[in-house]
Amino acid sequence: MKLCVTTATTEAPARLDRRFGRSPFLTFVDTDTDETKIEENGLADGASGVGAKVAQLVAERGATVVITGQIGPSAFAVLDAAGIATYTTSATTVAEALALFREGRLDSARAPTGPGHHGGSRRR
Amino acid sequence: MTVVVASGKGGTGKTTVSVGLALSLEQPVHLLDCDVEAPNTHLLLPNAGLDLASAQETNRCTVPVPRVNPDRCTGCGACSAFCGFGALAVVRNRVLFFDDLCHACGGCSLVCPEGAITEVPHEIGTIVDSHYGPIHHVLGELHVGQTLAPPLIRAVKERADGLATIIDAAPGTTCPVMEAARGADAGLLVTENTPFGLHDLALAAEVFADLGIPSGIVLNRAGIGHEDEEKLRAVSRRFGFPILMRIPFSDAIARAYAEGRPIVSAVPGLRTEFRAVYDELARMAISPSGAVSGARS
């Protein structure tokens with residue numbers, strides 16, 4: 001099983017980024033081999049539609065689980081259509097989030113956690 | 001001549017000035033409300049309280065958005081890869097479309113190698129036409145939840161046919177303001193003499209200077225804010241945009257506004273001042289040879 005954790009910083013202990021889509025890094029963990037790969041999120045600074053694009057990228061990487069803090073409607077719809085389960089957490093580090101997931105203590109998100117942003121936080 | 005009224009900061013009096021100017025011209029004029037996310041010119045016109053739902057002429061504004069024919073689609077992802085706005089996603093060979101992210105550029109239907117994408121109209125707002133004496137009033141209203149203001153603004157502007165035209169733009173310096181201002185002969189920037197007012201005035205002035213639209217400044221609520229007008233004059237000098245009018249901070253004007261009456265009905269003398277502003281803008285917009293200067297496209 002391949003997990004994707006939205007990641008803010010890479011130096012240990014790597015911090016989890018609560019934002020899906022605009023996190024600067026994505027940590028992919030293969031639970032079968034324990035192989036961990038940190039990928040820079042080249043889409044993070046896009047003007048709009050970032051959530052949906054990153055969701056598609058996560059699907060292309062073959063992940064079946066996403067662990068993040070919050071998720072918007074477009075990204076959720078793409079992950080859902082791709083059969084990817086989304087878990088939300090308030091854990092602050094990637095390691096902590098992974099441990100909670102392995103212990104079965106994370107909540108599965110059945111709906112987006114908030115409305116869309118249409119270009120970051122600058123709404124009018 | 002087309003005059004676009006903008007401000008930078010919100011709440012400085014764009015609508016007050018737009019409506020005041022239109023009512024003062026005493027000639028046929030188009031008054032275009034291009035603040036389509038929060039149109040409000042109708043509240044200040046003489047028969048305030050225009051019921052938008054039952055207005056004289058209402059038209060639906062649509063933009064073309066993609067519809068994918070699943071029988072033809074192979075899930076190749078060309079549409080999704082092309083879309084710069086994330087409006088199309090392909091997962092498990094299926095295309096997902098998010099209409100609120102689509103900018104209606106039509107690119108996806110062009111790049112689809114299977115001809116699987118056709119365009120269908122998607123309603124984003126309405127356009128209401130009404131008439132008050134010599135004023136032809138056009139108001140665009142974006143539907144709640146829609147984000148694509150520029151196509152609706154373009155549609156509102158298409159209702160004007162070369163008469164004198166006053167455009168009430170949105171606050172800020174974003175795409176909707178640029179779209180409202182594009183092609184105007186002159187600009188009128190409404191400000192107040194406060195730190196926020198002047199800061200955002202400078203941003204708006206920068207936009208209008210870049211667009212090549214000769215502009216003037218209206219100081220509203222003159223008397224509040226800074227002790228003197230030194231900072232205002234500095235912005236005026238920096239961009240070469242003269243201060244054309246000062247609307248006083250007065251009880252009579254505030255009362256009229258609160259009652260939804262145009263300020264020229266409360267202070268009739270303002271009509272002459274608005275006409276002088278218009279004449280000065282006409283002088284700035286038209287070069288001595290008679291050719292229209294500025295950013296005509």
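**Reading the interfaces**

Tutor: Begin with the polar pairs between the chains: four residue pairs, both members at pLDDT 80 or more, are in polar contact between chain B and chain A. Keep in mind that this is a predicted model.

Student: Which elements give two or more residues to the side of chain B that touches chain A?

Tutor: They are E4 and E5 of chain B. E4(B) gives the most to that side, with four residues. By class, the side of chain B that touches chain A holds 11 nonpolar, five polar and five charged residues.

Student: How many salt bridges does the rule find across the interface of chain B and chain A?

Tutor: The rule finds zero salt bridges there.

Student: What area is buried between chain B and chain A, and how many residues are in contact?

Tutor: Buried area is what two parts lose in accessible area on being put together, summed over both. Here the figure is about 1,400 Å², with carbon and sulfur atoms giving 57% of it. In residue terms, 21 from chain B are in contact with 14 from chain A.

Student: How do I read a helix that is partly covered by other elements?

Tutor: An α-helix has 3.6 residues a turn, so residues three or four places apart point the same way. Now take helix H2 of chain A, residues 73-81: the buried residues in this helix include Ser74(A), Ala75(A), Val78(A) and Leu79(A). Phe76(A) and Ala81(A) are buried as well.

Student: What covers the buried residues of H2(A)?

Tutor: The cover includes parts of both chains. From chain A come helix H1 (50-60), strand E4 (65-68) and strand E5 (85-88). From chain B come strand E4 (88-91) and strand E5 (94-97). Just after H2(A), Gly83(A) takes a positive phi of about 75°.

Student: Which side chains meet in a salt bridge?

Tutor: Those of Arg60(B) and Glu123(B), at 3.1 Å from N to O. The count between the two domains of chain B is one salt bridge.

Notes:
Residues numbered from 1 in each chain as written. Chains lettered and ligands numbered in written order. Predicted model: local features only at pLDDT ≥ 70, side-chain atom pairs only at ≥ 80, totals over all residues. Heavy atoms only, no water. Salt bridge = Lys/Arg side-chain N within 4 Å of Asp/Glu carboxyl O. Buried < 20%, exposed > 50% of the residue type's maximum accessible area, 1.4 Å probe, protein only. Contact = heavy atoms within 4.5 Å. Buried area = accessible area lost by both parts, 1.4 Å probe. Polar contact = N/O pair within 3.5 Å; in protein donor to acceptor, adjacent residues only side chain to side chain. Nonpolar A, V, L, I, M, F, W, Y, C, P; charged D, E, K, R; others polar.
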